[in-house]
Structure formats: C-alpha cells, structure tokens
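Keep it quick and organised by topic.

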Amino acid sequence: MCGIFGVYNNKSAAELTYLGLHALQHRGQESAGIAVSDGYDINLKLGQGLVNVAIKEEDLKELKGDLAIGHVRYSTAGGSNPKNIQPFFAHFYGGSFAIAHNGNLVNAMRLRHELEMEGAIFRSTSDTEVFIHLIARSKQPAPPHINLHKNDEDFLPHVFEAMRKVKGAYSLLILREKQLIAIRDPYGFRPLALGKNRFGSYFVASESCAFDIVDAEYLRDINPGEVLVIDDAGIRSYYPFEHTENPKKCIFEFVYFARPDSKIFKDWVYEIRKEMGRRLAREYPIDADCVIPVLDSGLLAAMGYSEESKIPFEIGLIRNHYVGRTFIQPLQEIRDLSVRLKLNPVREAIEGKRVIVVDDSIVRGTTSKKIVNMLRKAGAKEVHMLISSPPVISPCYYGIDTPTKEELLASQMTVEEIRKFIGADSLYYLSLEGMIEAAKSKSYCTACFTGIYPVLDEIFTEVGIS
C-alpha cells in the first residue's frame, strides 16, 4: 500500500514528482519523500504526513536535477517509524543510489537475520533496506543469458543477484546519478507503468492516473520480472530470471485499492469495477426500489448493478471528504457515532424504500453494521447489502494492509452469521468466478479470498500460517 513515481530528463523533476505523488496519495498517507539527481549528487527530502505537509515549497527549490523518484508510504512492514520514510539512500563501492519500494518481501525477516549475523547494520525496520544490503554485498556477475550495456556493467549485476534472493512483492524505482531504473517482481503483484510526455521526458508510476497530472501518456506496463533502465543511451530492458513465474497480479487493486481513473495491469479500473457490479446483479437479482453505494468504495459497482438490474441509482449516503483520524473516542456512545463523521444518510432518497447498498468488501464488519443501522434509522424499509468481491478470509502478505485472520469477519463467520451481525435483510457476495471473469484474466493473486498464496515457503515459516 505505497505509491512510487519517477521522472527522467526534465528540469522540473522534483516538482513533477511532487505532483505525481499527489495523484498517488490514496496509496499512502503516512509519509512522503523525494530524491533528485543533478547528474553528480543525489539529494533527498523526507517528511511525515500527506505530500503537501511532508514536502514544502522551499524543499522543492533545493531539489535541483533532471532525474527524480518519489514515494508515499502506508506501512505494511516495519511500522510507522520516521526512519522508514522512503526513498532510502545508500553509498557503496559500486556507487550511490536511492530506492523506493511498493510491496512486501515475505522472506525479509530471514534475510535480515542472515545479514545481521554477517555484520550488517540496519537503520530502519523496513524490508526495503534488505534490498540495499543485498545490492551492496553482491559479488556475482550477471547471468550468462544477459548481455549488459556498458553503462550497466558496474551496477545491475548487484541488482540481479538481490532479485534472485528476495521473495514476494516488489515494484521498485532506483535512482542513480544518471540513471532511472524500474523493476517489477517476477509475479507482477503490484502495478508499475511507463509513460512519456511530448517533450521526451519519461515517467514511471504505480498507476497511470499519475501520468495525467504531469501531462504524460501511458506507454505500457513494466512487465513481471523486467528491469527497465533509462539513461542517455536510451531505454533498455533486462530479464534476469530465465523463466518468469506465471503472473499473479493483485486483484484487490481492482476491487478497492487503485484509483478508478487509472489503467493498471493493462486494463481500466473504472470499467472492471462497473463490470463487477453488473455481474453481482446477474448473480443476485433483488426486488428493490433503489441502489445506493457506500462512497467512494462502492460507487462504480453500484452503478454497474443499477445499469444491469434497471433499479434506479441513488446517492443515499453522503461522504465527508475532510475527515482525518478522530481523537474523541473515550465513550462508547461517541464511538458509535464516529461513522457519521464519514457518512450520513440522505433521508429523502431512502425513506420508505427497499434499499440495495453496494460496497467493495467487508473486512471487520463494524462499519457495515453501522451503515445498515444508520439506513434503518433514516427510514429504509429493507436493507440488502451486496459486496462486489468474495468474502475476505485471509490476510495479504504482498503489500495490502489487511488485518490478521482472527480479525477478518469472514474467516470466523458464515455469510448468514455475518448478515445477522450487520443486521441486513440479506447479504450477498460476488462469486470468485464472477470477480475473475470481470477482471478479464485468471492471472491474479486471490489469496485474500482463497487462502492460496503464490509464494508459500517463507510465509509459512515466518508468520506461522497453519
């Protein structure tokens, strides 16, 4: 749950990275950082909070150079320690570089322990720092099937060896003094795309919506297992794994996480979310008076359900977009009202009506329960809850911040028990097959819905899955 953005060949690289990170703010709100190279030195500015809080105008004026990478963080490994703010910077005998990472390494704990036993000293608790040590300690040549460009001979073999040692999800940007390097793990868990503007500047971003804000066009995805290098010699790609894995792209990006105006995994999020709603209507036709979304997560699926079912679409809940974390929660009665800070019913739209309320997922179930109760108090005659994905039964270990298995409602209750818990007249989930068909491909990781993990061995030993 992080966002990364990179720029090559633009005098306003720092400012454009700042804008790109704004577009990716939904991927992380905990901290932000930018690293810029002027061709000789790499300088960084890091801060906690949203992008406009973490990076100030005076910071951007100090970041001079034509190359830059940036990162917005949502901690899934390492916690919210300020020392974990990325990009990280390192200097070793092979040169200097900055690195930004989206994803989670499932064997990071074991690798970290091995490195510490060999004398490595870590300054952070982030699994990204494992990459830095592996790169710095590598002494292996490039794989025999790869012919390196002369610009890459001193550094990329280190990167290739690090990639062969880590397991899990990683979309990476590496900034050297005169190079921008983009990397995607062989499973392609997390999205990463390449863009270009009309002036010849190149961009790399977690989602294509970040290209729009800098007036660049989406060119293509970085492929699973690809290492893409951009410098004064042009663009070139390497594939250090002779046999890349079958792609296992994160389907939860389509269900919830990515922005609806983004193109990820070569498809538009907007259309796939609507199709999930359409399929939900085909699987579960309900006689009702209106369809309302839980904003913003259920908006497109609710639109799709309404289009397919011909049941009128209404905005029955209004979202307050200016709510942050609330500190006034000492009393139960105040905690119970907290959902109203984010959502409030439109009585005129729902009073006396049979309401279908659509959301993308149910995780712990507490918010869904409060929404159902709120709609009933506002006069809804019936409340039918429909979810545009299957029940979430297992945690994610590849970069999405989901609770432990014990905290996931669907791992502890049947659908009927969940229906009773949230107080709905009916509860239906989109089938696994319907979700996969809506996403147009079978090459997705669905571990959070199935408990079947593409990378197993390190997860089983380190986090104790039974």
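This is a predicted model: local features need pLDDT of at least 70, side-chain atom pairs count only at pLDDT 80 or more; totals for chains, interfaces and linings use all residues.

Residues are numbered from 1 along each chain as its sequence is written, and side-chain values use heavy atoms, with hydrogens and water left out.

**Helix packing**

- Helices (H or I, at least four residues) and strands (E, at least two) are DSSP runs, numbered from the N terminus.
- Axes are lines fitted to C-alpha atoms, for helices over the stretch in contact, and angles run from 0 to 180 degrees between N-to-C directions.
- Helix H5 (residues 128-137) packs on helix H6 (residues 156-165) at about 130°, with the axes 8 Å apart.
- That angle makes H5 oblique to H6. Angles under 35 degrees count as roughly parallel, over 145 as roughly antiparallel, 65 to 115 as roughly perpendicular and the rest as oblique.
- H5 passes H6 in a right-handed crossing. A crossing is right-handed if the near helix is turned clockwise from the far one by less than a right angle, and left-handed if anticlockwise.
- On the H5 side, the contact (heavy atoms within 4.5 Å) uses Phe131, Leu134 and Ile135. H6 contributes His158, Val159, Ala162 and Lys165.
- By class, the contact of H5 with H6 has five nonpolar, one polar and one charged residues. Ala, Val, Leu, Ile, Met, Phe, Trp, Tyr, Cys and Pro count as nonpolar, Asp, Glu, Lys and Arg as charged, and the others, Gly among them, as polar.
- Helix H4 (residues 108-117) also meets H5: the axes come within 10 Å and cross at roughly 50°.
- H4 and H5 are therefore oblique to each other, and their crossing is left-handed.
- Ala108, Leu111, Arg112 and Leu115 of H4 touch Val130, His133, Leu134 and Arg137 of H5.
- The class count for H4 with H5 is five nonpolar, one polar and two charged residues.

**Nonpolar cores**

- In soluble globular proteins, nonpolar side chains tend to be buried together.
- A nonpolar core is a set of buried Ala, Val, Leu, Ile, Met, Phe, Trp, Tyr and Cys residues joined through side-chain atoms within 4.5 Å. Buried means under 20% relative accessible area, exposed over 50%, partly exposed in between (1.4 Å probe, protein chains only).
- The largest nonpolar core has 46 residues. Those with the most contacts inside it are Phe252, Phe254, Met276, Tyr305, Ile356, Tyr398 and Phe449.
- Elements that give two or more residues to this core include helix H8 (252-257), helix H9 (269-283), helix H10 (299-309) and strand S20 (354-359).
- H9 gives the most, with five residues.
- Leaving aside neighbours within four places in sequence, Phe252 is in contact with Phe257, Ser361, Val392, Ile400, Cys448 and Phe449.
- A second, separate core of 35 residues includes Leu105, Val166, Val227 and Val229.

**Buried elements**

- Eight of the ten residues of H6 are buried, so H6 is largely enclosed by the rest of the structure.
- The buried residues of H6 are Leu156, Pro157, His158, Val159, Phe160, Glu161, Ala162 and Met163.
- Their packing partners include H5, strand S7 (171-175), strand S8 (180-184) and strand S12 (227-231).
- In H10, Leu300, Ala301, Ala302, Gly304, Tyr305 and Ser306 are buried. Their cover includes H9, S20 and strand S21 (382-387).
- Ile4 sits in strand S1 and counts as buried at 0% relative accessibility.

- Most residues other than glycine have a negative phi, and most peptide bonds are trans.
- A cis peptide bond joins Gln86 and Pro87, with omega about 5°. Pro87 lies in the loop between strand S4 (67-73) and strand S5 (88-92).
- Another cis bond joins Leu295 and Asp296, with omega about -5°. Asp296 is in the loop between strand S17 (290-293) and H10.
- Asn9 is not a glycine, yet has a positive phi of about 70°. Asn9 counts as partly exposed at 40% relative accessibility.
- Lys266 has a positive phi near 70°, and at 54% relative accessibility counts as exposed.
- Lys310 follows H10 and has a positive phi, near 65°.
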